[in-house]
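Trainee: Please take a close look at one part of this structure for me. After that, show me how the rest is put together around it.

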Amino acid sequence: MRTKFFPFVCAGLAAMVALTSCGGQKQAVNSGKTEVIMPFSTPEYRTDANYFRAAASGTSKDMEMARTAAELNARSALATQIEVVVKSVTDRYMNQYDVNGESEVRGKIETGVREVVNQTLKGAVIKDTKLYQNPDGSYEYWACIEMSKVPVAEGVEDVLISNDERISVDFDQYRFMKTFEEEMANYGKENK
């Protein structure tokens with residue numbers, strides 16, 4: 001007998017929920033919250049089709065330590081970003097153009113790419129900085145760094161045109177650069 005009334009009880013509850021949710025006052029979703037605007041969050045500080053960019057902060061009672069922390073954090077974020085883009089480019093390139101001996105070649109390319117990222121990061125420059133002093137006297141330093149895509153692309157090309165015959169025989173510079181350009185354009189669009 002209980003099972004006969006169960007569908008009616010469910011229907012009644014659903015009707016009550018529907019009626020109460022349709023009318024009445026609605027509270028703002030963000031009531032009581034404050035939006036925080038992050039430094040360097042506008043498009044000119046984001047990665048685009050020509051530059052990799054990253055921003056980060058560092059906080060310390062010592063202003064110089066805050067600056068050092070911010071720059072290290074920004075370089076780390078930039079390195080991660082470059083590795084993601086380059087890995088995506090090399091994966092797409094290898095999948096589209098059917099590179100022979102794929103797993104061995106992939107391993108060599110990944111090792112080479114890590115070296116390229118470490119070397120090219122030395123060419124990263126500080127685009128902008130901001131310094132704030134907190135109420136407790138500590139310093140909050142923000143740094144935005146950038147690096148042109150050109151040395152990254154050239155470094156990866158050098159890895160692909162290395163002395164290893166298996167890699168260099170299958171390498172097509174035009175196709176690789178086309179893939180790299182497409183990936184940078186896509187990454188730039190996602191960051192707007």
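A loop residue and its surroundings

Mentor: Not counting residues up to four places away in sequence, N134 touches T59, Y139 and E140; contact here means heavy atoms within 4.5 Å. The model is predicted, so to speak of a local feature requires pLDDT of at least 70 and to count a side-chain atom pair requires pLDDT 80 or more, while totals for chains, interfaces and linings use all residues. Residues are numbered from 1 along each chain as its sequence is written, and side-chain values use heavy atoms, with hydrogens and water left out.

N134 sits in the loop between β2 (125–133) and β3. Names of this kind refer to DSSP runs numbered from the N terminus: helices are H or I runs of at least four residues, and strands are E runs of at least two. N134 is partly exposed, because its relative accessible area is 23%; buried means under 20%, exposed means over 50%, and partly exposed lies in between, with a 1.4 Å probe and protein chains only.

The protein has six helices and three strands. Read from the N terminus, their order is α-β-α-α-β-β-α-α-α. Of the contacts between residues at least 6 apart in sequence, 69% join residues at least 24 apart. Of the 192 residues, 32% count as buried. The accessible surface comes to about 12,400 Å², and 55% of that belongs to carbon and sulfur atoms; such areas come from the Shrake-Rupley method with a 1.4 Å probe, and for residues only the protein chains shown count as cover.

Next, the core. A nonpolar core is a set of buried Ala, Val, Leu, Ile, Met, Phe, Trp, Tyr and Cys residues joined through side-chain atoms within 4.5 Å. The largest one here has 27 residues, and those with the most contacts inside it are F52, L78, I82, V86, V152 and F180. Two or more residues each come from β1, α2, α3 (102–120), β3, α4 (149–160) and α6 (173–190). Helix α2 gives the most to this core, nine residues.

Then the charged pairs. Side chains of opposite charge can pair when their charged atoms come close. A salt bridge is counted when a side-chain nitrogen of Lys or Arg is within 4 Å of a carboxyl oxygen of Asp or Glu, and six are found by this rule. Consider R53, which forms a salt bridge with E146, the closest N and O atoms being 2.8 Å apart. This pair links distant parts of the chain: R53 belongs to strand β1 (residues 51–60) and E146 to strand β3 (residues 139–148), 93 residues apart. R53 counts as buried because its relative accessibility is 8%, and E146 counts as buried at 14%. R53 also meets D48 in a salt bridge, with 3.0 Å from N to O. D48 is partly exposed, at 24% relative accessibility. Together, D48, R53 and E146 are linked in a network of salt bridges.

E71 is buried because its relative accessibility is 16%, whereas R67, at 25%, is partly exposed.

Finally, the loop between α1 (2–22) and β1, which holds F40. Most residues other than glycine have a negative phi. F40 has a positive phi of about 60° although it is not a glycine. F40 counts as buried, because its relative accessibility is 7%. K130 lies over the face of F40, 5.5 Å from the ring centre; a charge sits over a ring if NZ of Lys or CZ of Arg is within 6 Å of the ring centre and within 35 degrees of the ring normal. R46 also has its place in the loop between α1 and β1. R46 is partly exposed, with a relative accessible area of 26%. Its C-alpha atom is 9.9 Å from that of Y187, although R46 and Y187 are 141 residues apart along the chain.
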